Amino acid sequence: MREGIMKIRHNVENVSSISAFANSRSESGGDCKDVYFIRMLGMNASYPEEIRQLDRTLSEQASGGQVRYQRLGELPRLVSSEDVDFYTGCYENWTRNGRKALELKVSGQNETQKELLGAACSEAVRLFGQVTPHASASMEKNFAVKLMFWADQAAKELMYGYKPENVMKLAMANVSKKQEYLFACFMTWMGVDVLLLQYQSDIDAQLEGLNLSKKIPLGAFGACALPAYEPHASAPAVPSHTQRRNNRPAAARERRPLEVRVAGEGRRQAPGSIRPSDPVQRPGSPKRTASAGSIQSQRTVSGAGSSRGGARRELDFEELAQLASSVVMISVHDKKGETLGNGSGIMIGEGGYILTNHHVASGGRFYSVRIEDEDTIYKTDEVIKYNSVLDLAVIRIDRRLRPLPIYAGGRKLVRGQKVVAIGSPLGLFNSVSDGIISGFRVINDVDMIQFTAPISHGSSGGAVLNMYGEVIGISTAGFDNGQNINLAVGYEFITQFVSGFTGQYGK
């Protein structure tokens, strides 16, 4: 932590049981505070009752104003575009002021809290880099944004009306993911006592090597239905949704209404319904809509593409179809493991990196990835990077991949140019279809390619290739009331978005 910021000492005194954690009190004095950071491993016969008693004891104390207390199951997912924009703005403001004071919704005008939030976030980001080999600036930023979101949304009962001397206690269940564990660390640097209820499994050796939390064995790991937690009513009132929106950082972006106009014509057209080939179709559910923008003026780019075979040459359709081995099917799962639907993805980096759409990745707790001609199903919850405006996301699996090359330019794309689309429409794994580029559109200031190769629900995230086998776009949306009128985010945006993750096989 920075000089002049409250010093935190972990586990100065011994706590060896759940009840001892409930009854312990952090000592604070001057610029130093002692906090408890405990991992209770496994469980015993009385485990559910001990958790119930933990809630009862601390909730009663919280009602009397003696402590602040929360127990969390799963941390919320950052999926709302508005939230992404807001916390990106918080991150940018924090970076501009030298990563010192961090202003969030919970901090209000509390300057002491802002300083502590900024210092805790800096330390968490530093440790993220330490335990994440080859972490890019984008990965660091995404982690920091998620951390800020959790501090505001998950821990708001502890953080509103904050005073460093407050006795604050947080219990979290089954924390094993790197980012969630670092959030727990972050909370201790805010002076919060943290209890990790690790009854299913523990953190890995790399995180344990940070030597921040103390482990207390209770029994064997196993499944357990924890009693429901009912939050107490002692915390200060949380500002209303309207109040919070009015306090958005200046850097947070507002979305503009969609305009519908066809270039070269003076009249407005009624918008067609554009479908983003959602990863799941729900009967009666509304489909996402957007509107066709103006035909883009012809573009010039520089550079040269290269096909997988070495020398750059046009491929026939049979050769292009073989590239389906580098396009995956992604199944999206909820927290219970139920399948919500399917999407597609493009291998873009040897280190397990897969490009897909944000609207595919944002809806699930974890993903199952299938690769053509393999029986293994690769499960992951790693979302490395995302951009809701471009509708792009990168996920990662633990496997070496054979990535597709991304078109580097050289010649401008033109209407009438042949293309091939590969994806998994309606769950039909790696279907290959051909067509042409039929136009260029601008949707919400994003340049898109309009093409005729058929796609359907489940094609989102699939590859749109030129005849050299290079990715010129990623299937994103289609008009529901038009035949073979489909849209792809173009290679220029893709190239910029995946910079740092790409790599040709064998290079």
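Let's start with Asn11, which is buried, with a relative accessible area of 17%. Keep in mind that we're looking at a predicted model. Asn11 has a positive phi of about 55°, although it is not a glycine. You'll find Asn11 in the loop between strand E1 (7-10) and helix H1 (18-23).

Asn174 sits in the loop between strand E6 (168-173) and H7. Is Asn174 buried or exposed? It's buried, at 18% relative accessible area, since the cut-off for buried is under 20%.

How many aromatic pairs does a search of the whole structure find? Ten. One of them is Phe37 with Tyr181: the ring centres are 5.6 Å apart and the planes meet at 25°, so this pair is stacked. Phe37 belongs to strand E4 (residues 37-41) and Tyr181 to helix H7 (residues 178-189), so the pair ties together parts that are 144 residues apart in sequence. Phe37 counts as buried, at 0% relative accessibility, and Tyr181 counts as buried at 0% too.

Next, have a look at Phe86. Ring pairs link Phe86, Tyr87 and Phe149 into a cluster. And which residue lies over the face of Phe86? That's Lys105, at 4.5 Å from the ring centre.

Thanks, everyone, and do turn the model around while we chat!

Note on methods: Residues numbered from 1 in each chain as written. Predicted model: local features only at pLDDT ≥ 70, side-chain atom pairs only at ≥ 80, totals over all residues. Heavy atoms only, no water. Phe/Tyr/Trp six-rings, centres within 6.5 Å; stacked < 30°, edge-to-face > 60°. Helix = DSSP H or I, 4+ residues; strand = E, 2+ residues; numbered from the N terminus. Buried < 20%, exposed > 50% of the residue type's maximum accessible area, 1.4 Å probe, protein only. Lys NZ or Arg CZ within 6 Å of the ring centre and 35° of its normal.
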